[in-house]
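Good morning, and thank you for the time.

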Amino acid sequence: MSSPNETSYISMSPTALASRGTDASLIGSHCQYPPCNQLDFLPFKCQSCANTYCSDHRTEDGHECAQKGAWATRRRLAEQSKTSLGAHKQVRDRDVLYAKPCAEDTCKTTIGTSLVPGVHCTACRRDYCLKHRLEEDHDCKSKPPIGARASALAAQQAAITSKATSALERLKLWGASKKEQYKDSRAAKAAGPNGLNSKGQTKMVAVNTLKKTAKGDVKIPPEKRVYLYVEAENETAKAKIPKGEFFFSQDWVVGRMLDSAAQSLQVQNINNRSDKEEDKLRVFHVEGGRILDFGEKLGTALVSGNTVVLLRGVGSPEDLIKV
């Protein structure tokens, strides 16, 4: 039997003859090509004109078909329809919009709408709004790629931890250098009044200058203010503004000061939304050479003229005691 998709005619079975009203017991049909009209026990149906013909006149040319090519046209249109539907489904599936929030933790923009499209980052495999589409705008390096293997995630996290530890070590050396400067100042004091006046006046002038330039909440009484130099560590706490001079209340705890400083320097701060230590910002006291606890009071831990540095992923003060 010929396939209906390959030829313009198909072989007629006894069942098909019976469905057309022909006595199935005859098991045959007369050729409907007028000059022929012979009885054929295995007739063929033309798929263009739907008439029945013998084997000699089964083709469209053989019976001079009045609708020649109709079957081929139908088949071609059917194939084109399948192809078109398949392509439309692929485009529709690819371009379908899924409304969801921007992957940047601090952003509340809804993306994936017709008005606000999302931009996919191929590095961390997340979707962002236009404002945070660039890698430096969503701190891409600190985000493990979605779908990455566990080993790759572990390696990336190890690199982040190593970077944070390295930053902490550099800050410790900086703090040690500051303490050596204070030792020199005390040695100069013991040597005589000239050294004391020189060092003391220099420090006093620096603090007075800091008081004139520092920014902060004007509602804090002047006698309650602690004036500090604040910086953001470049590798782990990228900031729009790398450093500044600010004053805070001596009654504040370190955690509150951290929130205010991070906002002023425009550093991403998700301490209240993440329990992971590698995500947390910490405060390093340069002169003290240590990480401050969030609950410490500024008036106890710091004095005006001190420098503090914001950095991420170095661990809590308790964890660092073991180092």
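I shall begin with the basis of the values and then take the core, the aromatic rings, the salt bridges and the surface in turn.

This is a predicted model, in which local features need pLDDT of at least 70, side-chain atom pairs count only at pLDDT 80 or more, and totals for chains, interfaces and linings use all residues. Residues are numbered from 1 along each chain as its sequence is written, and side-chain values use heavy atoms, with hydrogens and water left out.

Let me start with the interior. In soluble globular proteins, nonpolar side chains tend to be buried together. A nonpolar core here is a set of buried Ala, Val, Leu, Ile, Met, Phe, Trp, Tyr and Cys residues joined through side-chain atoms within 4.5 Å. Buried means under 20% relative accessible area, exposed means over 50%, and partly exposed lies in between, with a 1.4 Å probe and protein chains only. The largest nonpolar core has 28 residues, and those that touch the most other members are Val230, Phe248, Met257, Val283, Leu302 and Leu310. Two or more residues each come from S10, S11, helix H5 (254-265), strand S12 (281-285), helix H6 (298-301) and strand S14 (306-312). H5 gives the most, with six residues. Helices (H or I, at least four residues) and strands (E, at least two) are DSSP runs, numbered from the N terminus.

I turn to the aromatic rings. How many aromatic pairs does the structure hold? There are three. Rings of Phe, Tyr and Trp (its six-membered ring) pair if their centres lie within 6.5 Å; planes under 30 degrees apart count as stacked, over 60 as edge-to-face and the rest as tilted. Tyr227 and Phe247 form a tilted pair, 5.6 Å centre to centre with 50 degrees between the planes. Tyr227 lies in strand S10 (residues 225-232) and Phe247 in strand S11 (residues 243-249), so this pair ties together parts that are 20 residues apart in sequence. Tyr227 is buried, at 7% relative accessible area, and Phe247 is buried at 6%. Phe246 and Phe248 also form a tilted pair, at 6.4 Å and 45 degrees.

Next, the salt bridges, each a side-chain nitrogen of Lys or Arg within 4 Å of a carboxyl oxygen of Asp or Glu. The count comes to seven. Among them is Lys68 with Asp61, at 2.5 Å; Lys68 is exposed at 53% relative accessibility, and Asp61 is exposed at 55%. Another joins Lys143 and Asp105 at 3.8 Å. Lys143 lies in the loop between strand S9 (126-128) and helix H3 (150-191), and Asp105 in the loop between strand S6 (100-101) and S7, so the pair ties together parts that are 38 residues apart in sequence. Is Lys143 buried or exposed? Lys143 counts as buried because its relative accessibility is 10%, whereas Asp105 is partly exposed at 39%.

Finally, the surface. Leu42 lies in the loop between strand S3 (39-40) and strand S4 (44-46), and counts as exposed at 59% relative accessibility. Thank you for your attention.
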